[in-house]
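Q: I would like to learn how to read a two-chain model, one feature at a time. Could we start with the words and then look at the cases?

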Amino acid sequence: MPHFQALGMELGKIADGKAEISMAYDERFIGDPETGVISGGAVSALMDTTSGAAVMCHPTGTMGTATLDLRIDYMRPATPGQRITAHAECYHVTRTVAFVRATATDEDTSRPVATATGTFTIQREEGGKK
Amino acid sequence: MSRSRPEPVQVIKQRRDAALTSLVDGVPYAKFLGISFDRRGDELTAVLPFDEKLIGNQMLPAIHGGVTAAFLEITAVIGLSWQMLWNDIESGDAGGDMTLPRMPKTIDFTIDYLRSGLPRDAYARARVNRSGRRYASVHVEGWQDNRQRLFAQATGHFLMPQRDE
C-alpha cells in the first residue's frame with residue numbers, strides 16, 4: 001500500500017477483527033503551522049486504514065474491502081511531537097457490509113484525540129453466494 | 001453621489017491570489033498531498049493531481065480512502081476560510097503580507113464514498129451551507145473525469161475561530 005508507506009504508518013497487533021496502527025509525528029502532516037497540530041486529514045487517513053485493516057482480519061474472511069462511509073469526531077487537538085495510535089474494531093459483519101468503530105490517541109491514552117464509525121464493503125470470493 | 005472608481009483588475013487579482021496562496025501555504029499537509037486551488041472570481045476548485053503515493057489498493061488500483069477524506073476535508077477548511085476572508089480581501093484589509101486569522105477547527109467530518117477513486121486527477125468544491133459566529137456546516141463534492149459522477153461527498157461541522165475577542 002503506497003500511501004501507507006507515504007504516511008510512515010506502523011502496524012501493531014492485527015487479529016480477530018481488531019487492528020492497531022500508528023503514525024509518528026511528521027512536520028509534513030501539519031494542518032495548522034501556528035500550533036503545529038497534525039492535520040485532521042492525516043488523522044482521517046490513519047483511522048480509515050486502521051478500520052480497513054480490522055475488516056480484513058475479521059474471522060469471517062473477506063477478500064478485500066473498501067470504505068462505504070466514515071464519520072470522524074475530533075475531540076481535541078493531538079499534542080504536537082507525539083505519535084498517534086489508532087485502534088479499530090470490526091464489531092459486526094453481514095454478508096456484504098462490515099461495521100467498524102475506531103479511536104485515535106496520542107501519548108495520553110486516557111483522552112481520545114478522535115473517534116470514528118464507519119461501514120465497509122465485504123468482497124467475497126468470486127462465484128460465492130451473493 | 002459618485003462611486004469610487006473600481007480598482008484595476010490586476011490589483012484585485014493579485015490581492016485575491018496572494019490571499020489564497022497564504023491560506024493554502026498554511027496547511028503543510030495540503031502540500032504533502034500536492035493539493036492546489038483553481039480560482040475563478042470567488043469560486044475555488046481544489047485539484048489533487050494523481051501520484052503513485054496516493055494509491056491505497058494496488059490491485060484495483062484505487063486512491064486510498066484516507067487520501068480522499070483528507071482531500072475533501074482540506075477543501076472544506078480552505079473553502080470556509082476563503083469565505084470568511086472574502087470581505088477583507090475585497091476591501092483591501094487582507095492581502096499579500098496580511099496576518100491570517102486562525103483556521104476553523106473540524107468538529108466532525110462524514111465522508112460518503114460513492115465509487116472508488118481512479119488513478120486520475122481529482123477535483124473538489126466546497127459549499128458553505130451555514131456559517132455562524134461559532135459553528136459552520138460545509139458540504140464538499142469530489143469528482144474525477146466527470147463532474148456529474150461524484151466519487152465522494154462529505155459534510156463537516158467546524159468551530160469558527162474567534163475574531164476580535
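A: Two residues are in contact when they have heavy atoms within 4.5 Å of each other. Leaving aside neighbours within four places in sequence, G34(B) is in contact with V47(B) and P49(B). Before we go on, note that this is a predicted model, in which local features need pLDDT of at least 70 and side-chain atom pairs count only at pLDDT 80 or more, while totals for chains, interfaces and linings use all residues. Residues are numbered from 1 along each chain as its sequence is written, chains are lettered from A and ligands numbered from 1 in the order in which they are written, and side-chain values use heavy atoms, with hydrogens and water left out.

Q: Where is G34(B) placed, and is G34(B) buried, exposed or in between?

A: Helices (H or I, at least four residues) and strands (E, at least two) are DSSP runs, numbered from the N terminus. G34(B) sits in the loop between α2 (28–33) and β1 (36–40) of chain B. For exposure, buried means under 20% relative accessible area, exposed over 50%, and partly exposed in between (1.4 Å probe, protein chains only). G34(B) has a relative accessible area of 31%, so it is partly exposed.

Q: How should I read T75(B), and is T75(B) buried or exposed?

A: T75(B) belongs to helix α3 (residues 65–91) of chain B. Its relative accessible area is 2%, so T75(B) is buried. Not counting residues up to four places away in sequence, T75(B) touches F37(B), A46(B), A124(B), R125(B), A126(B) and V140(B). A polar atom of the T75(B) side chain also lies 2.7 Å from the backbone oxygen of F71(B).

Q: Now the strands: which strands pair with β6(A)?

A: Two strands pair if DSSP finds at least two bridges between them. Strand β2 (residues 18–23) of chain A pairs with β6 (residues 84–93) of chain A in the antiparallel sense over six bridges, and M23(A) stands opposite I84(A). Eight bridges join β6(A) to β7 (residues 97–105) of chain A, again antiparallel, with A88(A) opposite A102(A). A hairpin of three residues links β6(A) to β7(A). In a regular strand, side chains alternate between the two faces of the sheet.

Q: How many residues of chain A are in contact with chain B, and how much area is buried?

A: Here 30 residues of chain A are in contact with 29 residues of chain B. Buried area is the accessible area (1.4 Å probe) that two parts lose on being put together, summed over both. For these chains that is about 2400 Å², 56% of it on carbon and sulfur atoms. In chain A, P2(A), H3(A) and Y74(A) lose the most area to chain B, together 23% of what that side buries.

Q: How many salt bridges cross the interface?

A: A salt bridge is a side-chain nitrogen of Lys or Arg within 4 Å of a carboxyl oxygen of Asp or Glu. The rule finds three salt bridges between chain A and chain B. One of them joins E34(A) to R102(B), with the closest N and O atoms 3.7 Å apart.

Q: Which element gives the most to the side of chain A that touches chain B?

A: The elements that give two or more residues are α1 (2–6), β3 (30–32), α2 (40–56) and β5 (67–74) of chain A. β5(A) gives the most, with eight residues. β5(A) also pairs with strand β5 (residues 105–113) of chain B in the antiparallel sense over five bridges, and there L70(A) stands opposite I111(B).

Note on methods: A polar contact is a pair of N or O atoms within 3.5 Å; within protein, one must be able to donate a hydrogen and the other to accept it, and residues adjacent in sequence count only if both atoms are side-chain atoms.
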